[in-house]
Amino acid sequence: MEAWLKRQIEEMMREFQKIREEVERFEEEFFQSFTAREERTVVPLYEVRRSSDKIRVCADLAGVRDKENIDVRVEGRTLKIEAAFSRPFSLEGFVFLRGGVSKYRLEIPLPENIDVGGIKATFRKGVLEVEIPLKVEKFRVKVE
């Protein structure tokens, strides 16, 4: 290969590299507001059902294998669920997810009348179910 041609190709490759770095910098700045890079968490699919005596929260924790990787707690009047993936999840080609997502994080506000001592949680086939009993004051009304 002639020397002038080799220099031209090398110059063109340096320009492509500069363009690529500029696009990556732009993507990182643009998508930074949509993700918490330092946390690398996502909100799982979930459902909340309330009946007269309890609240049931079901969360799809696909990618979580063991119940030991799940943390369920109540802080104040908020149910907090964190679960670690068995391995980080990432999407190829998306700069803002290049580092991968490693955790689920979910926070659900609760009413004042929950019975914290009666909360139960089970994890089966990738679905976490949390049952939160409600303190129900019952009284009989005399019919006249």
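Start with strand β3, residues 54-60, and strand β8, residues 127-133: the two run antiparallel and are joined by seven bridges. Strands here are DSSP runs of E with at least two residues, helices are runs of H or I with at least four, and both are numbered from the N terminus. Two strands count as paired if DSSP finds at least two bridges between them. Within this pair, cysteine 58 has glutamate 129 in β8 as its bridge partner.

Before I go on, the conditions. This is a predicted model, where local features need pLDDT of at least 70 and side-chain atom pairs count only at pLDDT 80 or more, while totals for chains, interfaces and linings use all residues. Residues are numbered from 1 along each chain as its sequence is written, and side-chain values use heavy atoms, with hydrogens and water left out.

Back to β8. Strand β8 also pairs with β7, again antiparallel, over five bridges. Alanine 121 stands opposite valine 130 of β8. The β7-β8 hairpin has two residues between its strands, and lysine 125 there takes a positive phi near 50°.

Put together, four strands make an open antiparallel sheet in the order β2-β3-β8-β7.

Now the charges. A salt bridge here is a side-chain nitrogen of Lys or Arg within 4 Å of a carboxyl oxygen of Asp or Glu, and by that rule the count is 16.

Which residues does glutamate 82 pair with? One is lysine 103, with the closest N and O atoms 3.4 Å apart. The other I will mention is arginine 105, at 3.1 Å. Arginine 105 lies in strand β6 and glutamate 82 in strand β5, so this pair ties together parts 23 residues apart in sequence.

Is glutamate 82 buried or exposed? The cut-offs are under 20% relative accessible area for buried, over 50% for exposed, and partly exposed in between, with a 1.4 Å probe and protein chains only. Glutamate 82 has 18% and therefore counts as buried. Lysine 103, at 30%, is partly exposed, and so is arginine 105, at 25%.

Another salt bridge joins lysine 80 and glutamate 75, at 2.9 Å from N to O. Glutamate 75 is partly exposed, at 38%.

Through shared partners, salt bridges join Asp71, Arg73, Glu75, Lys80, Glu82, Lys103, Arg105 and Glu107 into one network.

That is what I had.
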